[in-house]
Amino acid sequence: MSSAKGLDGVVVSATNISHVFGEEGRLVYRGYEINQLAAKATFEEVCFLLWNGHLPKRDELDTLNAALRSRRTLPPAAELALRAMPKEADPMDALRTVASAVGAALPISGKPSYDQAITLAAIFPTIVAGFNRLRSGRDLVAPDASLGHAANYLYMLTGEKPPENHVKSLDTYLVLLADHGMNASTFTARVIASTESDLASCVVGGIGALKGPLHGGAPALVMDMLDQIGTADNIKPWIDQTLNSGGKLMGFGHRVYRTTDPRAEILRDMARQASTPEFFALARGTEEYAIEELNKRKPERRLYTNVEFYSASVLNSVGLPRDLFPSTFAVSRVAGWTAHVLEQMVGNRLIRPQSEYTGPQGLTFVPVDQR
Ligand SMILES: CC(C)(COP(=O)(O)OP(=O)(O)OC[C@H]1O[C@@H](n2cnc3c(N)ncnc32)[C@H](O)[C@@H]1OP(=O)(O)O)[C@@H](O)C(=O)NCCC(=O)NCCS
């Protein structure tokens, strides 16, 4: 039996939730093209869609909004855990730890439920914003129930009512990142769910998988890359040197897309409007040369811009510190993780693949002092 490295091309589950059409550059949530949802839906509507399979009617959306807004406050034990985080901690480590504390404190136990999914989605922004306040010596800002999910997240970060264009940008970002087929963190959450573990454990596992630079950790590295490039005339030498020395260009390439990620195209238009002309010109110039060069060097792979490249510009433009980009990705993706866990629970079967054993056999045990 041979193994499929990275499970490349292996179908591990059927799902009704979302699908990446990699050759065509399309992403669909529950039958709706991502472009439509990005233009017209709020993050809350997308949460409802992912969790329930249809867009909410007015009264259904009102009920969900009321539930999300009423569950933003951390339980006392989780707030203590948040306050105990070292200021230098990686924000993803803080989110992972405090989300786990929320699971223990509420508690979130038993069979995963829709109600628990709402609670976790409601509370994620409070953890991320709260950690950012405390590490910079400021106190927590209580959530504002008059604000929607994106607006309240920005409000809890700054203590000020955010401008409408920032709210719109962040809300669209949250819509775009909420789900993405069988990505690594979603698969992780589903594997945990398949053991009949609890929903908090599933999302905590998802956070761990999302943290890596090959998944959700790339956008801050995109900003670092653009900083290092600095000016238009340095694009070519910087990229050439990075690729010649075997380095990877952050924000490019994808396991499934063989053309531009549709989310990158939407985010590019948003970044064009939200960034300074100089910054956008640098990002666009980097993108164009990177694609040209990657495709020259790896024509068989068809490497294009992925979601992380312009996520960085958009999140930067709404004032988020760059080390909060991955945890802001998690604020969105928790909707997808929880939807997938609920789906996994219907007719669940333990996910337990096999491995191809390549180690030795037939060795004879030697006691420790005789080795
Ligand atoms: C996203 C990513 C992990 C997909 O990985 P994958 O499907 O396993 O693709 P591979 O790593 O097999 O790529 C195939 C080849 O293209 C190269 N390649 C892929 N993405 C590249 C990039 N961004 N820069 C330079 N080379 C890249 C690989 O080095 C590999 O070369 P090799 O055949 O000589 O080993 C990969 O493209 C990557 O590391 N991108 C940069 C990080 C990033 O943007 N992450 C966010 C993802 S949304």
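View 1. A nitrogen atom of the ligand lies 2.7 Å from a polar backbone atom of L249. A backbone N or O atom of F252 is 2.8 Å from a ligand nitrogen atom, and one of P213 is 3.3 Å from a ligand nitrogen atom. A polar contact is a pair of N or O atoms within 3.5 Å; within protein, one must be able to donate a hydrogen and the other to accept it, and residues adjacent in sequence count only if both atoms are side-chain atoms. This is a predicted model, in which local features need pLDDT of at least 70 and side-chain atom pairs count only at pLDDT 80 or more, while totals for chains, interfaces and linings use all residues. Residues are numbered from 1 along each chain as its sequence is written, and side-chain values use heavy atoms, with hydrogens and water left out.

**View 2. The shell around the ligand.** Of the 20 residues around the ligand, the nearest are L249, G251, F252, K298 and N306; a residue counts as near if one of its heavy atoms lies within 4 Å. By class, the shell has nine nonpolar, six polar and five charged residues. Here Ala, Val, Leu, Ile, Met, Phe, Trp, Tyr, Cys and Pro count as nonpolar, Asp, Glu, Lys and Arg as charged, and the others, Gly among them, as polar.

**View 3. The cis peptide bond at P107.** L106 and P107 are joined by a cis peptide bond, with omega at about -15 degrees. P107 is in the loop between α5 (91–105) and α6 (114–135). Helices (H or I, at least four residues) and strands (E, at least two) are DSSP runs, numbered from the N terminus.

**View 4. The backbone at L7.** L7 is not a glycine, yet its phi is positive, at about 50 degrees. The segment that holds L7 comes before β1 (18–21).
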